[in-house]
Amino acid sequence: MLYIIKFFTFFFPLCLIPFTVISGVSAQAVTVEEDYQISITFNLEKHLLEGTARITVKANQALSLELNGLTITGILLKDGSSSKKELQPVHNRLLIPATGKSKELYISYTRTITNSLENLISHRGISLMHGWYPVPDKAMQFHLTAALPQSFTAVTEANLFPLQRSGNKVTATFSTASRTIHFVAGPYSHKKRTIRKGLSVYTLFFPEDKGLADDYLDAAGRFLERYEKEIGPFPYPHYVITANRLPTGFGFPGFTLIGQTVLRLPFIKETSLGHEILHSWFGNSVDVDYSRGNWCEGLTSYLSDYSYRTKKGQGSQARKEAISTYLSYVHDDTVIPLEKFDSASHNQQFAKARRAVGYTRGALLFHELKKKIGSQPFSRAIRLFYSENKGKKASWEDLQKSFEAASGQKLERFFQERLEQTEIPSLQVKDAEIGSIENRPVLSFTLLQLTESPFSLVVPVHITTINGTTIYTQFINQKDNRISIPLDSRPLEFTLDPEYSFLRMLAPAETSPVWSEFIGAESRLIILASEKERVVFSSFLNSLGTGDLNIKLSADVSNQELSENSLLFLGMDQKPARSLFADPGHSTSGFTLDVRTNPLNPDHVAVLVTSSNVEETESVARRLSHYGKYSFLHFLHGRSLKKTITPSQSGILTVMESLPGGGKTVDLNSFDKIVDQLSNSRVVYVGETHTSWSDHLLQLHIIEALYAKDPDISIGMEMFPASSQIALDQYILGEKPDDEKTFLRESAYFNVWRYDYRYFRDIINFAKRKKIPVIGLNLDKSIVSEVFSSGNTDNLKKDSLKSLPAERDLDLPGYRDHLAFMNSVHADGGHGQGKMSGFIQAQALWDETMAQNIADHLKRYPTRKMVVLAGTQHTRKDSGIPPRVKRRVNIEQSSLLNIYDASGPENLAAIADFFFLATASDLPETPRIGIVLTPVVNDEEKYLKISQISPHGKAGEAGLLSGDILVSVNNEPIEEMADLRIAMLGTRSGDTVEIKILRSENNEPIEKTFPVELSNPRQPMMHP
């Protein structure tokens, strides 16, 4: 825009502008002919600043000034010939071209400041950070005069502190050339502490905070003494810790500006203060040459924040948290190489990603460099870099030179890779094996770099043997690196980089779900329980920014969307949240933010947020961005009561061998003693391998023994769906004639379960004799199949959806991990290629339905106990049915496992309360007819067609032919495989069965009957 310049008389109170340059106060002090004199006054009532500037422009030098935010009231340019020229700025910029004469430029201006996050003019204080004077495009020497209320004390970049004062005017000269200057004043109480001769530290705190001064002075003294030893003399004669009414955290030459609202937080004086003091050396005394990026923030962060955490023994944890934060914000569309990072501003696009590059990637570069060259050369390099560059601008190249000189190593490739590449190292272990060389065990493995271009890396390898853990360091610089390490003992396991010595991709087991992961997610879905919750969480939603937020009401969210996004649930009284996490158990008071891995897609997170009211939300909403590294947060009245990070593995772990568990045999109990303990539980789970006869025999004995102690029991069976309950009651409880085959047909046993019914026959018969209710626990197979194949519940019919438990917990510890393994086994075995999201939801529906049916039955019969028969994954006490029953009804439960037929799990105590070592002979093999059958469905007619005659059976001898249609077996009609299994129930090898078939002869269908002797061929055969 063009400014209209009014004619006026310039008045510059030259007597207020000192020209004295204080020498010897800074290594940066320079003699300059170009200087910049500012005189400012304030109208606090009107929040108004009035300023005049006089700028010396040297001969043959051009000058450009930025005037954004200023109202210009006059501009005048004078040269040595006493000619005067009035100028007009264009587009908020004033350009003074170079001429052969030196010039004096005079500018008068005003600015009114209200509702600004950077500047403040009021009776409470003055804070001028940006846009309060014409900003030059080159470094100049500033002289400042300000008229202030008598009660105000001021601080700015200056050679001396306190500032010189005469009446209501303060003056300051800063002999270091700079483009920027800042000014702060207020009704401060100040205190001083002398650190050494020539160096003092001050506090400028508001009266209400003056009690904090001594602690801040003590802390500042410790930081100053530390860094003078590590780097060199402090570059200024004073340091002023200044409180600001605005929420800031800045470090300027000679002073820091800290928001008053955070002064009382312990971490400010313990860490943030040290960070800002350190900027006096790096960033102020040594300026940044931005031609190849900003090295300053990374170096300062490493020597302060990371160093403090390391001193507390938290170095590895701090670096892991930093990597997690980096990976949360830096994606393909936000990544930049480190050499392109220049600004730490929060106002830039992708600010969090940019800061993650500059601060995190930069800091971890220095840690990796320290590990590469050693601690002592690293310390020498820091001192050398400062001594050679103080008072100058320095670049990454200057840093490289200092580190090469101090270490004697060539570091060109190291810096080139870390500054220029956007990728970060990604490692994978392959083909690990234990060999032997010269009678010593040797651990060998291939270490792959998965990046497009390999890095030169020093990788720590922690190898654990029975004698302890030893650290070996491996240098790699190829994509494919074969490593062999001789050892004294056989390795049990090894871990790559558990101390996070460099920035790299994290393995899945190393990751923790954290809040920053949602903030930085590329695909986010925010789900409101209701419009009422929108009001409760409005301030929270505002804090997430003005970007493209995808917000939906819970009723409008599909199940498929839950697996495609990182999720933010606002309010837990909603079906989508309950279908994944049930009731998370949040406190009913305060504000809780709970980050979990999205159980439908581990590449995403799910955040569960609850708040008791609008005020609780508002008290924390604006602060939550500072808690990005945490997995769980709970606040009450704005005060943090709990903050945790979900534990995860450290380093990339490869297990080679596991040491077995054991115990004293005297601790083993007899069957009767274990049953005595089991009788105290209302539910006893007996896990099984479905084809283990010893497991099923153990189940029968447990039922018999518990029935003998208390006949008021029932048997819950995974093998029957709830829809089979009528058939179960009619057969077991005697409501229908004693007809086993009818029962199997009406309960659809062979269509649902398909395992040999003989495994359960004795259990069913015992229940029938004793009139013990058998409860079908499972859900219909069609529902499971649909969810597994589609990956979601969106296509289920409304009646099916209503029948499912609304609360489903897919986030129990380890649940997704062992289901992922089971899914891979299913896929490898050719049992379908359903999505993992469908598999975990189907399994959870299975578990939750069984839990719901158990709980409903126990509530209906308050005195009754139940024995539950189910697969071992379902009976796990950590993540199977038991915790889901516990969520619904608070009762005593016991889970037991037979470990004889299978290798005992490593975490036996975590998944079962009792174990047995039960053995039994296998069931006699099911006799075979010697035919291969193909199911056929034709015009609503179902039948089984003989597609092949086996040479190992006797069907061929009896006269059966390929192409025959099976009509009946022993007069039992046959339409499907379940009919055949029922018809052959109880037969043995050597028995003869009557097989009726339908055969086409001369194009005419003819029924024929053949007696066939059943046999057990030695070779395994895939036919009945």
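Biologist: Which residues form the nonpolar patch on the surface?
Modeller: Leu668, Tyr900, Phe915 and Leu917, and together they have about 410 Å² of accessible area. A patch takes residues with over 30% relative accessible area and no salt bridge, joining nonpolar side chains (Val, Leu, Ile, Met, Phe, Trp, Tyr) within 5 Å and like charges within 9 Å. The areas are Shrake-Rupley values with a 1.4 Å probe, and for residues only the protein chains shown count as cover.

Biologist: Before I go on, what kind of model is this?
Modeller: It's a predicted model, where local features need pLDDT of at least 70 and side-chain atom pairs count only at pLDDT 80 or more, while totals for chains, interfaces and linings use all residues. Numbering runs from 1 along each chain as its sequence is written, and side-chain values use heavy atoms, leaving out hydrogens and water.

Biologist: Back to Phe915, where does that sit?
Modeller: In strand S42, residues 914-916. Helices (H or I, at least four residues) and strands (E, at least two) are DSSP runs, numbered from the N terminus. Phe915 is partly exposed, at 33% relative accessible area; buried means under 20%, exposed over 50%, and partly exposed is in between, with a 1.4 Å probe and protein chains only.

Biologist: What about charge, which residues make the negative patch?
Modeller: Asp939, Glu940, Glu941 and Glu975 gather there on the surface. Asp and Glu count as negative, Lys and Arg as positive, and His and the chain ends are not counted. Each charge is placed at NZ of Lys, CZ of Arg, CG of Asp or CD of Glu.

Biologist: And Glu940, buried or exposed?
Modeller: Exposed, with a relative accessible area of 83%. Glu940 is in the loop between strand S43 (931-938) and strand S44 (941-949).

Biologist: New topic: how many salt bridges does the structure hold?
Modeller: 44. A salt bridge here is a side-chain nitrogen of Lys or Arg within 4 Å of a carboxyl oxygen of Asp or Glu. One of them pairs Arg418 with Glu368, at 2.8 Å from N to O. Arg418 lies in helix H8 (residues 412-420) and Glu368 in helix H5 (residues 351-373), so the pair ties together parts 50 residues apart in sequence.

Biologist: Are those two buried or exposed?
Modeller: Both Arg418 and Glu368 are buried.

Biologist: What does Glu976 pair with?
Modeller: Lys942, with the closest N and O atoms 3.3 Å apart. Glu976 is in the loop between strand S46 (972-973) and helix H28 (977-983) and Lys942 is in strand S44, so this bridge ties together parts 34 residues apart in sequence. Glu976 counts as partly exposed at 25% relative accessibility, and Lys942 does at 38%.

Biologist: Which residues do shared partners join into one network?
Modeller: Arg578, Glu807, Glu848, Arg884, Arg887 and Arg888, through salt bridges. Arg888 also touches Ala855, as does Val889, leaving aside residues up to four places away in sequence. Contact means heavy atoms within 4.5 Å.

Biologist: Where is Ala855, then?
Modeller: In helix H24, residues 836-860, and Ala855 counts as buried at 0% relative accessibility.
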